[in-house]
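Here is a colleague's note on the model shown below.

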Amino acid sequence: MIWQFDLILLTLVVICAVAAITVKDLLSSAIVLGAYSFLMCLIWTGMGAVDVAFTEATVGAGVSTVFFVAAIYHTTRRTKD
Amino acid sequence: MIRRHEDIIIESLARFLTPFIQAFALYVLFLGHYSPGGGFQGGVLMGASFILLVIAYDIIEGKRRITEKFNIVLNATGVMVFSGTGLLCLILGGEFLDYSQLAAILPVGPEEARGLGILAVEIGVEITVAAIMVSIFLDLASAGEHEEALK
Amino acid sequence: MKTLDIIGWFAVLTTGALLIYGTAEMPNWGDPNSPPSTHVSPRYIEKADEETHTPNMVTAVLADYRGYDTMGETTVIFTAGVSCMMLLRRRQGK
């Protein structure tokens, strides 16, 4: 595992995680969580856990984003706080 | 949420992509023995193909393909396949989920029988996960109405 | 800054510091002498292929050696779907 690549990925993961809870728009928050899941998927792949990476890509980035978007459509799009 | 827009590009692209996603889901399931993948990932992909169809068209069109009753039956079938495999091993004289006992009814040795038992179990997981993903999505997207849309 | 904010920051920072303190004791990544790689993993790596005819040993461990766990996982997903259906589904004409 190349440490420079690792460092870039981990920095991006932290940025995505902070952005997902600070952004006011809930729809953007869901999409940023999807990006977070894909970066986590890359990290798992770098560690050699390909099965976990596959699950993360399908469930975390694919289906759960769809579920979040479906749920956000039934509530207000902007956070109150 | 899901109102039909009659957009020909989106609809034909979804119709075109759906069989490929489903073929990839089956590939992931059956090559889980040799490459990354397995029942869970294949099931999510299989459910996602149906979700794509529902998003591109609407819920009425989706329920015309898989009715709600059939989906509920599929939900339980997967768990039943899984635990039924375990129960079959129990009946054949082994322990619960000890697939080597399946060699008594299959024309293979105990090691190959364990591989086939793994395949049977993964098929059960795939069926349940695919059906559950579709059912949760339909419930969430339409707030339980399962009709055309609220907004 | 409200009191709730201060309590929240305190809880988050304390938990984070404790987690970082906990990782200091963990073995290195891929360490061959760590407890997970010395006890049960070599057995699976040596015997999984010849015992189950499954080259991907993750699948072999997940569905064969730890099959009961996977059955519980499937039951959890089934329960999640059924409870979602019970909570959200509304019949027409009610």
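1. Helices, as named here, are DSSP runs of H or I with at least four residues, numbered from the N terminus. The model is a predicted one. The phi angle of B:Leu97 is near 65°, which is a positive value in a residue that is not glycine. Is B:Leu97 buried or exposed? It counts as buried, because it has 24 C-beta neighbours inside 10 Å, and the cut-off for buried is 20 or more.

2. C:His53 also deserves a look. Its phi is near 55°, again positive in a residue other than glycine. C:His53 lies in the loop between α3 and α4 of chain C. Its 19 C-beta neighbours inside 10 Å make C:His53 partly exposed.

3. The axes of α3(C), residues 41–52, and α4(C) come within 10 Å and cross at roughly 75°. α3(C) is therefore roughly perpendicular to α4(C), since angles of 65 to 115 degrees count as such. On the α3(C) side, C:Tyr44, C:Ile45, C:Ala48 and C:Thr52 take part; they meet C:Met57, C:Ala60, C:Val61, C:Asp64 and C:Tyr65 of α4(C). Of the residues in this contact, seven are nonpolar, one is polar and one is charged.

4. How do α2(A) and α3(A) run relative to each other? Helix α2 of chain A covers residues 26–47 and helix α3 of chain A covers residues 50–72; their axes come within 8 Å and cross at roughly 175°. The two are therefore roughly antiparallel to each other, as angles over 145 degrees count that way. Residues making the contact include A:Leu27, A:Ile31, A:Gly34, A:Phe38 and A:Trp44 from α2(A), and A:Val52, A:Glu56, A:Gly60, A:Phe68 and A:Ile72 from α3(A). The residues of this contact divide into 17 nonpolar, five polar and one charged.

5. Which residues have the most contacts inside the largest nonpolar core? They are B:Ile51, B:Val129, B:Ala130, B:Ile132, B:Met133, B:Val134 and B:Phe137, in a core of 48 residues. Elements from chains A, B and C each give two or more residues to this core, among them α3 of chain A, α5 (110–141) of chain B and α5 (67–88) of chain C. The largest share, 17 residues, comes from α5(B).

6. B:Phe137 can be followed individually. Leaving out residues up to four places away in sequence, B:Phe137 touches A:Val66, A:Phe67, A:Ala70 and B:Ile51. There is also a second, separate core of eight residues, which includes A:Val32, A:Tyr36, A:Leu39 and A:Cys41.

7. Chains A and B meet through 14 residues of chain A and 17 residues of chain B. On the side of chain A that touches chain B, nine residues are nonpolar, four are polar and one is charged.

8. The contact between chains C and B takes 27 residues from chain C and 31 residues from chain B. On the chain C side, α3, α4 and α5 each supply at least two residues. α5(C) gives the largest share of that side, 13 residues. By type, the chain C side has twelve nonpolar, ten polar and five charged residues.

Methods:
Residues are numbered from 1 along each chain as its sequence is written. Chains are lettered from A and ligands numbered from 1 in the order in which they are written. This is a predicted model: local features need pLDDT of at least 70, side-chain atom pairs count only at pLDDT 80 or more; totals for chains, interfaces and linings use all residues. Two residues are in contact if their C-beta atoms, placed from the backbone, lie within 7 Å. Ala, Val, Leu, Ile, Met, Phe, Trp, Tyr, Cys and Pro count as nonpolar, Asp, Glu, Lys and Arg as charged, and the others, Gly among them, as polar. Axes are lines fitted to C-alpha atoms, for helices over the stretch in contact, and angles run from 0 to 180 degrees between N-to-C directions. Angles under 35 degrees count as roughly parallel, over 145 as roughly antiparallel, 65 to 115 as roughly perpendicular and the rest as oblique. A nonpolar core is a set of buried Ala, Val, Leu, Ile, Met, Phe, Trp, Tyr and Cys residues joined through C-beta atoms within 7 Å. A residue is buried if 20 or more other C-beta atoms lie within 10 Å of its own, exposed if 12 or fewer, and partly exposed in between; C-beta atoms are placed from the backbone.
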